[in-house]
Amino acid sequence: MIQKLSTIVDNNYYMILACICMFGGQFCVWFGTNSQIIWEWWSDKPLLSAVVWGIPATLFFWHGTKYGYIAMEELWGPRFLGFGMSYLTFPLLTWYLAHESMFTAKTMLCVMLSFTIMGIQIFWK
């Protein structure tokens, strides 16, 4: 019983770390690709954007994949977790910084589907 509880706690710990890392990676990707549209200053600096945002994004995704694999013991899980986390970061950042509503039927359905995919990956063993 104690061993099983320890395994559950460890898996939850690594799943939380994976979610945080995937969120950080998606956050960096949003700024790396969309800063050119939001701020004119970034519009002609693709290499700088790749260095400033791409390196941290890669590190976040690298660690997110590592922790997600530890928690789920498969590569598909972290892949879908990263996809699902993009539907937390993209709508919020796009709404806040680009002033585009995420409250359209199509977008809300996609957000619900991403949460469904994340739930399947996290809870279905």
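## Terms and model

A residue is called buried when its relative accessible area is under 20%, exposed when that area is over 50%, and partly exposed in between (1.4 Å probe, protein chains only). Helices are DSSP runs of H or I with at least four residues, numbered from the N terminus.

This is a predicted model, in which local features need pLDDT of at least 70 and side-chain atom pairs count only at pLDDT 80 or more, while totals for chains, interfaces and linings use all residues. Residues are numbered from 1 along each chain as its sequence is written, and side-chain values use heavy atoms, with hydrogens and water left out.

## Helix 4

Helix 4 covers residues 105-123. The expected span of a helix is 1.5 Å times one less than its number of residues. For the 19 residues of helix 4 this gives 27 Å, which agrees with the 27 Å between its end C-alpha atoms.

The buried residues of helix 4 are Val111, Ser114, Met118, Gln121 and Ile122. They lie on the same side of helix 4, because they cover an arc of only 95° around the axis; the arc is taken from the directions from the helix axis to the C-beta atoms. An α-helix has 3.6 residues a turn, so residues three or four places apart point the same way. On the face turned away from the buried side of helix 4 are the exposed residues Ala105, Lys106, Met112 and Phe123.

## Ser114

Ser114, a residue of helix 4, is buried, with a relative accessible area of 0%. Its side chain reaches the backbone oxygen of Val111 at 2.7 Å. Contact means heavy atoms within 4.5 Å. Leaving aside neighbours within four places in sequence, Ser114 is in contact with Phe83, Gly84 and Tyr87.

## The largest nonpolar core

A nonpolar core is a set of buried Ala, Val, Leu, Ile, Met, Phe, Trp, Tyr and Cys residues joined through side-chain atoms within 4.5 Å. The largest one has 12 residues: Met15, Ala18, Cys19, Cys21, Met22, Tyr67, Ala71, Met72, Leu81, Met85, Met118 and Ile122. Two or more residues of this core come from each of helix 1 (2-38), helix 2 (46-72), helix 3 (76-98) and helix 4. Helix 1 gives the most, with five residues. In soluble globular proteins, nonpolar side chains tend to be buried together.

Ala71, one of the core residues, touches Asn11, Tyr14, Met15 and Lys125, not counting residues up to four places away in sequence.

Ser35 lies in helix 1 and counts as buried at 1% relative accessibility. The side chain of Ser35 reaches the backbone oxygen of Phe31 at 2.5 Å. Beyond residues up to four places away in sequence, Ser35 touches Trp30, Trp42 and Trp53.

Gly68 is found in helix 2 and is buried, at 0% relative accessibility. With residues up to four places away in sequence not counted, Gly68 touches Ala18, Glu73 and Pro78. Gly68 and Thr94 are 26 residues apart in sequence, and their C-alpha atoms are 26 Å apart in space.

## The salt bridge

A salt bridge is a side-chain nitrogen of Lys or Arg within 4 Å of a carboxyl oxygen of Asp or Glu. The structure holds one salt bridge. Asp44 forms a salt bridge with Lys45, with the closest N and O atoms 3.0 Å apart. Asp44 is exposed, with a relative accessible area of 57%, whereas Lys45 is partly exposed, at 22%.

Notes. A polar contact is a pair of N or O atoms within 3.5 Å; within protein, one must be able to donate a hydrogen and the other to accept it, and residues adjacent in sequence count only if both atoms are side-chain atoms.
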